Structures are given as structure tokens and as C-alpha cells.
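Colleague: Before we go through the labels on this model, could you set the values beside the definitions for me, so that I can follow each conclusion?

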Amino acid sequence: MTPAHPGLTLPEELLLLALDPQRGKPYCRNRFLEYGVAGAVLAELEFQGRITEQLGRIRVINQLPPQDPLLAQVLGSLPPPDKGGFAGGVSAKRWIRRTGRHVEELCLDHLVDRAVLRRETHRFLGLLPYHRHPAVAPDLPASVRERFTAARTAGFPDRRSRTLAALVSAIGLSGAVARGGWRARSEMRGFIREEWAAHAVHRNVRQDKANRSGGRAGGSGDGGGGGDD
């Protein structure tokens, strides 16, 4: 087993992998990162025994709030047991698409409040504000990346590391964080269908690509290009 980095949840680990620690800019498309963070929150709630997934729908099975305030807030927003839409629960894909931006903002706020990241405000063309989130200290992002590399070298031996790898691949981040060339990226891509949260994220990524290409699911592309199809 490779336990979670002390004090970091899965969505926080994904963000620290995805953000350039000096510039605070994502290595992948920001919309795809939003999907990834939302999917990582769902996966973390499953790991903590709060939700389960069946046929693409997420259901709450334990309403006890987690200690992490972000996870507790997300859990509280989900339909209670035996409530929600058709057959109970809520579609994972739709939930990720609908809440991705909000969930990422909450996670970034949490990391800024904990002095893991700092927030810099810039203006596009001197008018439209946008934010960047560099690391306060580069040691923590570096250690997260080292742990990810170690897990890859070991073949992603536990489900948590496989889920993180699947999320990384689903949002097109594997080229930026995975050493080992196409073999490593292929291995990570193979986890997407095995891990339901990453699969729901990837479906949203593919939908966005198809919308941009007039109905055709776009090409592959690691790094800034989008999901690793």
C-alpha cells in the first residue's frame, strides 16, 4: 500500500500535481482540471466509506461528515440515501460537469487558507481578472510528484494510486507528470475504465472535445491538450 500523503486528500494531491509550483498555472486545460478535482472528491468520499457507485450513479451510504471541511460540504450537498433522481442517487458524470468549477474553487481556497498555495490575481489585457496559484513552498509539490513517480515505478500497487493515475490520464496530465514515455501513459490510460470516478471525468473531457470538433471526439494529446484518449 502507498498511503495518502499526510494531510492531503486525493483532490489536493491532484491539484499539486497539476499546477506549476512556480507559476501556479495548470499543466492541462483548466476545465479538464475542474472535472478531475470533482472526480477526485467523489473518489475520496468512496475511500472514506461515505458513498458508493452503481451503474454510474453515486449514492450516500454514510452521512457522517468527514473531518475535512471540503469533503463534508460536498457530502452534505449530495442526495441523502434513497433520494435523488431515477433509481436514487445522482449521475456521477452530470454531478462532475455541474459542480466541477465550484469544487475546484473550494479546494483551492482550502489550500490557500492552509498556506500550501498562494493566490495571485492577474488581468487579461489589463481588464479581466484571473488567478494563479503558485506553491508557497516547492517541497510539498515536489514530494507529491516523487510519490507519484514511486507509485508508477512500483506499477501503481494500490487502488488509491491507480485512481490518481487514472484521473491524471483522464484530464490529459500524464505527459507532464509521468516519466516512462508512452508505456507509462498507456498503463495509466488503462486504469480509466477500471476506476468509475476517472471514467466519469473522462466522459466529460471527451464530450468537451467532441463539442469543439463538431461532434467528433478529439485527438489524444497529453499535457495541455486534454484527456489521454
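**Labels and their cut-offs**

Colleague: Why is Glu195 called buried?

Modeller: Glu195 has a relative accessible area of 5%, and buried means under 20%, exposed over 50% and partly exposed in between, with a 1.4 Å probe and protein chains only, so Glu195 is buried. This is a predicted model, in which local features need pLDDT of at least 70 and side-chain atom pairs count only at pLDDT 80 or more, while totals for chains, interfaces and linings use all residues. Residues are numbered from 1 along each chain as its sequence is written, and side-chain values use heavy atoms, with hydrogens and water left out.

Colleague: What makes Arg159 and Glu195 a salt bridge?

Modeller: The closest N and O atoms of Arg159 and Glu195 are 2.9 Å apart, and a salt bridge needs a side-chain nitrogen of Lys or Arg within 4 Å of a carboxyl oxygen of Asp or Glu, so the pair qualifies. The pair links distant parts of the chain, with Arg159 in helix α6 and Glu195 in the loop between α8 (181–190) and α9, 36 residues apart. Arg159, with a relative accessible area of 31%, is partly exposed.

Colleague: How many salt bridges does the whole structure have, and what do Glu12 and Arg114 tie together?

Modeller: The search finds eleven salt bridges. In one of them, Glu12 pairs with Arg114, the closest N and O atoms being 2.9 Å apart; Glu12 lies in helix α1 (residues 10–18) and Arg114 in the loop between α4 and β4 (120–124), so the pair ties together parts that are 102 residues apart in sequence. Glu12, at 1% relative accessibility, counts as buried, whereas Arg114, at 35%, counts as partly exposed.

Colleague: How do you know that Glu34 and Arg101 form a salt bridge?

Modeller: Their closest N and O atoms are 3.4 Å apart, which is again set against the limit of 4 Å. Glu34 lies in helix α2 and Arg101 in helix α4, so this pair ties together parts that are 67 residues apart in sequence. Glu34 is buried, at a relative accessible area of 3%, and Arg101 is partly exposed, at 48%. There is also a network of salt bridges, which links Glu13, Glu44 and Arg160.

Colleague: Which residues are closest to the centre of the largest pocket, and what is its volume?

Modeller: The largest pocket has a volume of about 390 Å³. Of its 18 lining residues, Asn30, Glu104, Leu108, His131 and His133 are the closest to its centre. The elements that give two or more residues to this lining are α2 (30–47), α4 (92–113) and β5, and α4 gives the most, with five residues.

Colleague: Why does Tyr130 count as partly exposed?

Modeller: Tyr130 has 31% relative accessibility, so it counts as partly exposed. Tyr130 lies in strand β5 (residues 128–132).

Technical notes:
Helices (H or I, at least four residues) and strands (E, at least two) are DSSP runs, numbered from the N terminus. On a 1 Å grid over the protein atoms alone, a cavity is a set of points where a 1.4 Å probe fits but cannot get out, and a pocket is an open set with protein on both sides within 12 Å along at least five of seven lines; lining residues have an atom within 4 Å of a point. Grid points are joined across faces, edges and corners, and a volume is the space filled by probe spheres set on the points.
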